[in-house]
Amino acid sequence: IDKKPSQLSGGMKQRVGIARAFSIQPKMLLLDEPFGALDALTRGTIQDELMAIVRQTQQTVFMITHDVDEAILLADRILLMSNGNETPEGYRPGGIAEVVVNPLPRERTRTSLHHLDGYYALRNHIVDFLVTRAKAH
């Protein structure tokens with residue numbers, strides 16, 4: 001790439017950032033909402049690239065996302081977290097409320113995801129958790 005970082009598009013900056021992170025071959029890579037600011041086409045392309053890199057390198061990626069379908073597409077395990085809340089004793093942070101193992105075949109793609117047996121049951125379980133059980137009490 002012979003452009004300065006400031007001249008790159010948002011999608012290209014994300015690609016460069018992810019490639020740079022993987023190039024140092026960490027044991028675990030933490031991604032915090034890495035695709036949140038991207039348009040749908042760019043997001044899908046970079047998700048595909050991330051899946052290909054993970055398949056090749058076998059590196060562990062811990063990714064934070066609020067996108068249910070993104071979690072189902074990319075994750076082997078989905079950690080559902082409860083919200084934190086204020087208590088008379090002060091703020092009580094949320095935590096891991098449930099670990100969901102993704103039963104769908106690993107070679108899933110964005111275009112075939114909703115055709116896979118078990119997809120809707122998995123998605124409904126996660127959405128139900130987010131709507132009803134994630135709330136702080």
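Predicted model: local features only at pLDDT ≥ 70, side-chain atom pairs only at ≥ 80, totals over all residues.

Q: What share of the 137 residues counts as buried?
A: A residue is called buried when its relative accessible area is under 20%. In the protein chain, 29% of the 137 residues count as buried. As for the surface, the protein chain exposes about 9,200 Å², and carbon and sulfur atoms supply 55% of that area.

Q: Which residues make the nonpolar surface patch, and which strands supply them?
A: The patch, of about 720 Å², is made by Met-28, Leu-30, Phe-62, Ile-64, Leu-79, Met-81, Ile-96 and Val-99. Strands β1 (28-32), β2 (60-64), β3 (77-81) and β6 each supply at least two residues of this patch. Take Leu-79 as one of these residues: Leu-79 has its place in strand β3, and Leu-79 counts as partly exposed because its relative accessible area is 32%.

Q: Is Tyr-91 buried or exposed, and which residues is Tyr-91 in contact with?
A: The label exposed requires a relative accessible area over 50%. Tyr-91, which lies in strand β5 (residues 90-92), is exposed because its relative accessible area is 52%. Leaving aside neighbours within four places in sequence, Tyr-91 is in contact with Gly-84, Asn-85 and Glu-86.

Q: How many salt bridges are there, and where does the pair of Arg-43 and Asp-67 lie?
A: The general idea is that side chains of opposite charge can pair when their charged atoms come close. In this model the count comes to 5 salt bridges. In one of them the side chains of Arg-43 and Asp-67 meet at 3.7 Å, N to O. The pair links distant parts of the chain, with Arg-43 in helix α2 (residues 40-57) and Asp-67 in the loop between β2 and α3 (68-74), 24 residues apart. Arg-43 counts as buried because its relative accessibility is 17%, while Asp-67 is partly exposed, with a relative accessible area of 29%.

Q: Which residue forms a salt bridge with Arg-110?
A: One checks the partner and then the places of both residues. Arg-110 forms a salt bridge with Asp-48, and the closest N and O atoms are 2.9 Å apart. This pair too links distant parts of the chain, since Arg-110 is in the loop between β6 and α4 and Asp-48 is in helix α2, 62 residues apart. Arg-110 is partly exposed, with a relative accessible area of 36%, and Asp-48 is partly exposed at 33%.

Q: What surrounds Arg-108, and what is the nearest side chain of opposite charge?
A: For a charged residue one can look at both partners and contacts. Arg-108 lies in the loop between β6 (96-101) and α4 (119-133). Arg-108 is buried yet has no salt bridge, and the nearest side chain of opposite charge, Asp-76, is 4.0 Å away. A polar atom of the Arg-108 side chain does lie 2.9 Å from the backbone oxygen of Ile-72. Leaving aside neighbours within four places in sequence, the residues in contact with Arg-108 include Met-51, Leu-73, Asn-102 and Leu-116.

Technical notes:
Residues numbered from 1 in each chain as written. Heavy atoms only, no water. Helix = DSSP H or I, 4+ residues; strand = E, 2+ residues; numbered from the N terminus. Buried < 20%, exposed > 50% of the residue type's maximum accessible area, 1.4 Å probe, protein only. Lys, Arg positive; Asp, Glu negative; His and termini not counted. Polar contact = N/O pair within 3.5 Å; in protein donor to acceptor, adjacent residues only side chain to side chain. Contact = heavy atoms within 4.5 Å. Areas by Shrake-Rupley, 256 points an atom, 1.4 Å probe, with all protein chains shown as cover. Patch = residues over 30% accessible without salt bridge, like charges linked within 9 Å, V, L, I, M, F, W, Y side chains within 5 Å.
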